[in-house]
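User: I would like to learn how to read a protein model feature by feature. Please take the general idea each time and then the case at hand.

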Amino acid sequence: VINEVLAHTDLPQTDTIELRNTTGSDLNIGGWFLSDSSVDLLKFQIPLGTMLPAFGYLTFDETDFNPTPLTPGPKDFALSGSHGDSVWLVVGDALGTSVQRFVDHVDFGATFNGVSLARLPDGSGRLAPAAQPSLGAANGAFATSEIVITEINYHPTAPSAAAMVIDPTIGASDLEFVELHNHSAAPVDLTNWRLRGESDFDFAAGQSIAAGETLLIVPFDPQIPLNANRLAAFRTHYGIDASVTLVGPMLPSLSNNFGVVKLQKPDMAPVDEPTVVPRVLVDEVLYDDLSPWPQTADGSGDSLQRKRAATLGNDASSWRALSPTPGTARYQVQVESITINGGQTTRSVVTSVAVVFDSLVSAPQAAFALTNVTTSEQVTSLAVQSSTAGEKTTATLTFDPGASVIGRTVGGNT
């Protein structure tokens with residue numbers, strides 16, 4: 001497969017294509033062809049005798065398929081980082097004059113300088129921006145944008161009675177929305193950002209989103225006075241007030257079955273094309289109403305909600321179905337670390353447990369229980385003290401060393 005592509009480069013980097021052998025046998029790919037054009041698939045012929053090891057990786061760069069960039073030959077090519085491009089891998093005949101078999105093909109949009117697109121999971125998934133290029137090795141982590149898609153309500157239920165009173169013409173499709181969240185610590189100017197896929201929307205010049213803020217993209221323009229009743233009905237249906245920012249319209253409606261939602265961020269114009277605004281894919285959700293995607297988001301009253309900002313949007317396991325909460329990013333909280341007795345390296349009795357959560361959470365005493373797994377006895381006299389620092393919550397649990405707490409004599413083992 002075409003496993004990774006680096007298309008936007010400045011020296012010393014050069015455009016690079018990585019191939020991966022997903023089989024358990026060595027492959028002789030000598031004589032195969034790489035190309036960036038469906039019109040001419042037989043551009044760069046991989047040297048005869050080239051072997052791609054079992055489960056191995058092999059890269060080709062511009063020294064192979066564009067060796068004289070100042071005077072390119074008719075078959076030479078480079079990849080476009082500002083407009084996007086395609087890469088084809090085919091098998092030609094013995095003379096290299098016709099295509100005998102298609103092996104793989106990828107399309108991609110604009111990319112940031114030095115950022116590669118990699119299949120995630122390695123060798124099988126869709127292309128996604130990589131946190132770091134991994135050319136010639138297994139693909140690793142993906143790049144996370146400061147703005148992410150956090151909730152999608154692609155198949156809402158019928159409007160509530162209260163909403164119908166305000167706007168009798170409102171329909172279920174008018175209640176669709178895509179929620180974005182700025183999980184960074186700084187405001188972001190959304191000028192030239194846009195949504196593409198099932199529905200399209202271009203952000204207005206000067207639109208911004210504050211640090212920690214959410215924003216809803218809806219099927220109507222909330223700024224038009226004629227839509228005042230629709231706006232009020234939408235807010236009433238979901239129980240949200242004017243503190244939640246709405247923008248629109250996104251058109252056409254989201255698919256009720258499966259579809260794609262893409263968030264694109266602008267890049268700087270190329271030097272030789274100063275009027276071009278490259279749009280770079282920074283988040284993508286290819287949703288479905290079939291397993292493994294949550295099925296109750298398909299017209300049963302739930303919406304798709306992202307578990308965490310730093311999860312892959314195209315991975316079904318990154319999402320869960322819950323009652324819609326537009327305007328509130330409901331990330332799934334995770335325990336980041338647990339520290340016993342303040343980090344003491346030696347201890348005879350456990351007297352405190354500090355639990356660090358990866359986000360700000362409410363941590364009341366009633367939410368915690370400590371149990372002796374041997375006797376099933378709960379620890380008594382439990383007290384919880386919460387503190388916050390750096391957008392994280394630490395809950396420190398203290399208790400008396402009673403019979404339910406395992407202890408040991410000095411120098412002994414438990």
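Analyst: What follows goes from the whole chain to a strand, a sheet, a helix and a single loop residue. The model is predicted.

User: How many helices and strands does the chain have, and what does the C-alpha trace span along its principal axes?

Analyst: The secondary structure comes to three helices and 29 strands. The C-alpha trace spans about 80 × 75 × 40 Å along its principal axes. Of the 414 residues in the chain, 45% are buried. The accessible surface comes to about 20,000 Å², and carbon and sulfur atoms account for 54% of that surface.

User: What share of the contacts joins residues at least 24 apart?

Analyst: Taking contacts between residues at least 6 apart in sequence, 60% join residues at least 24 apart. As for charge, the chain carries 21 positive and 44 negative side chains. The centres of those two sets lie 5 Å apart.

User: Which way do the residues of β2 point?

Analyst: The general idea is that side chains in a regular strand alternate between the two faces of the sheet. In β2, T16, E18 and R20 point one way, while I17 and L19 point the other way. Both sets are buried, and the strand, residues 16-20, is described as mostly covered, with five of its five residues buried.

User: Which strands pair with β2?

Analyst: Strand β1, residues 2-6, pairs with β2 in the antiparallel sense over four bridges. Within that pairing, E4 stands opposite E18. Strand β7, residues 57-61, also runs antiparallel to β2, and five bridges join the two. There, L19 has L58 in β7 as its bridge partner.

User: In what order do the strands of the six-stranded open sheet come, and which are the edge strands?

Analyst: The order is β19-β18-β13-β12-β22-β23, with mixed pairing. The edge strands are β19 (245-247) and β23 (319-322), each of which pairs on one side only. From one strand to the next the twist averages 30°. At the β23 end, β22 (residues 303-306) and β23 pair in the antiparallel sense over four bridges. In that pair S303 stands opposite L322.

User: Where does helix α3 lie, and which of its residues are buried?

Analyst: A general point first: an α-helix has 3.6 residues a turn, so residues three or four places apart point the same way. Helix α3, residues 228-238, lies across β12 (147-153), β13 (177-182), β18 (214-217) and β19. The helix runs at about 130° to β19. Its buried residues are R230, L231, A233, F234, R235 and Y238. The cover over these buried residues includes β12, α2 (161-166), β13, β18 and β19. After α3 comes G239, whose phi is positive, near 70°.

User: Why does S381 count as partly exposed, and where is its place in the chain?

Analyst: Under 20% relative accessible area is buried and over 50% is exposed, with partly exposed in between. S381 counts as partly exposed because its relative accessibility is 45%. S381 sits in the loop between β27 (377-378) and β28 (383-389).

User: What does S381 touch, and how are S381 and S124 placed relative to one another?

Analyst: Leaving aside residues up to four places away in sequence, S381 touches T398, F399 and D400. S381 and S124 are 257 residues apart along the chain, and 52 Å separates their C-alpha atoms.

Notes. Residues are numbered from 1 along each chain as its sequence is written. Side-chain values use heavy atoms; hydrogens and water are left out. Two strands pair if DSSP finds at least two bridges between them. Axes are lines fitted to C-alpha atoms, for helices over the stretch in contact, and angles run from 0 to 180 degrees between N-to-C directions. Contact means heavy atoms within 4.5 Å. Buried means under 20% relative accessible area, exposed over 50%, partly exposed in between (1.4 Å probe, protein chains only). Accessible areas come from the Shrake-Rupley method with a 1.4 Å probe; for residues, only the protein chains shown count as cover. Lys and Arg count as positive and Asp and Glu as negative; His and the chain ends are not counted. The place of a charge is taken as NZ of Lys, CZ of Arg, CG of Asp or CD of Glu.
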